[in-house]
Amino acid sequence: MKRELNRKERAEHLYRVITSERFLTKQGLGNEVPFFIYPFPAEEGLTMVEDREDLVTRIQHSGTRVLDLNLYDLALEILSERGILEQVLEIEADSSKGEIKELLQGVLDPQAHLIPHIGQAIRATPHDVIFLSGVGEVYPFIRSHNVLNNLQSTAKEAPTVLFFPGSYTHALATGASLDLFGQLHDDKYYRAFNILNYEV
């Protein structure tokens with residue numbers, strides 16, 4: 001059985017993969033979409049913010065352009081642009097979690113609102129790779145498998161890496177699953193590759 005990589009080793013592996021010609025030219029993927037999951041222990045959530053920022057800087061210095069998108073920031077932008085952020089904040093205290101969840105899931109629907117917003121960023125910013133983070137912060141209003149499913153037609157030119165606080169496992173019996181925070185058996189998603197298993 002393969003030894004688990006520590007935080008520093010994972011960051012180094014990620015850097016080597018993302019700056020490699022093989023990764024950037026999408027070799028070895030067959031006809032699959034170039035989607036990758038970077039699973040990390042949920043308890044490293046705060047340090048991952050710094051690690052990702054450091055990684056973006058290092059990768060940019062190597063000459064590879066990163067489009068770094070945070071789902072939480074995108075959600076706030078969408079709410080602001082649609083003029084309902086203040087309204088949501090006002091009604092939050094007097095509304096049930098279920099009501100807020102239903103409202104936000106409608107307003108932040110991946111197909112109708114989130115993916116077009118990501119599409120704008122993709123078209124506006126020259127990039128070689130896309131980073132998507134903030135998965136834990138937007139749960140349960142936005143689910144990672146919904147984002148990936150809807151993103152397939154929009155982000156197919158450059159590899160996309162989803163930073164995922166939890167585990168991404170493949171088993172013959174159950175298929176592939178994204179387990180958020182290592183506990184919530186969140187979603188089944190089959191088409192992404194675990195970037196920690198990607199050989200340079």
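## Terms and basis

A residue is called buried when its relative accessible area is under 20%, exposed when that area is over 50%, and partly exposed in between (1.4 Å probe, protein chains only). The model is predicted: local features need pLDDT of at least 70, side-chain atom pairs count only at pLDDT 80 or more, and totals for chains, interfaces and linings use all residues. Residues are numbered from 1 along each chain as its sequence is written, and side-chain values use heavy atoms, with hydrogens and water left out.

Four salt bridges are present in the structure; the term stands for a side-chain nitrogen of Lys or Arg within 4 Å of a carboxyl oxygen of Asp or Glu. Side chains of opposite charge can pair when their charged atoms come close.

One of the salt bridges joins Arg-7 and Asp-51, with an N to O distance of 2.6 Å. Arg-7 belongs to helix H1 (residues 7-18) and Asp-51 to helix H3 (residues 45-61), so this contact ties together parts that are 44 residues apart in sequence. Helices (H or I, at least four residues) and strands (E, at least two) are DSSP runs, numbered from the N terminus. Asp-51 is buried at a relative accessible area of 16%, whereas Arg-7 is partly exposed at 34%.

Another salt bridge is formed by Arg-58 and Glu-12, whose closest N and O atoms are 3.3 Å apart. This pair also links distant parts of the chain, with Arg-58 in helix H3 and Glu-12 in helix H1, 46 residues apart. Arg-58 is partly exposed at 35% relative accessibility, and Glu-12 is partly exposed at 33%.

## A salt bridge between two loops

Asp-128 and Arg-65 form a salt bridge in which the closest N and O atoms are 3.0 Å apart. Asp-128 sits in the loop between helix H7 (110-124) and strand E3 (129-133), and Arg-65 in the loop between H3 and strand E2 (66-70); the two are 63 residues apart. Both residues are partly exposed, Asp-128 with a relative accessible area of 22% and Arg-65 with 38%.

## Strands E2 and E3

E2 and E3 pair in the parallel sense over five bridges; strands count as paired if DSSP finds at least two bridges between them.

Strand E3 is mostly covered, five of its five residues being buried. In a regular strand the side chains alternate between the two faces of the sheet. In E3, Val-129, Phe-131 and Ser-133 point one way, while Ile-130 and Leu-132 point the other way.
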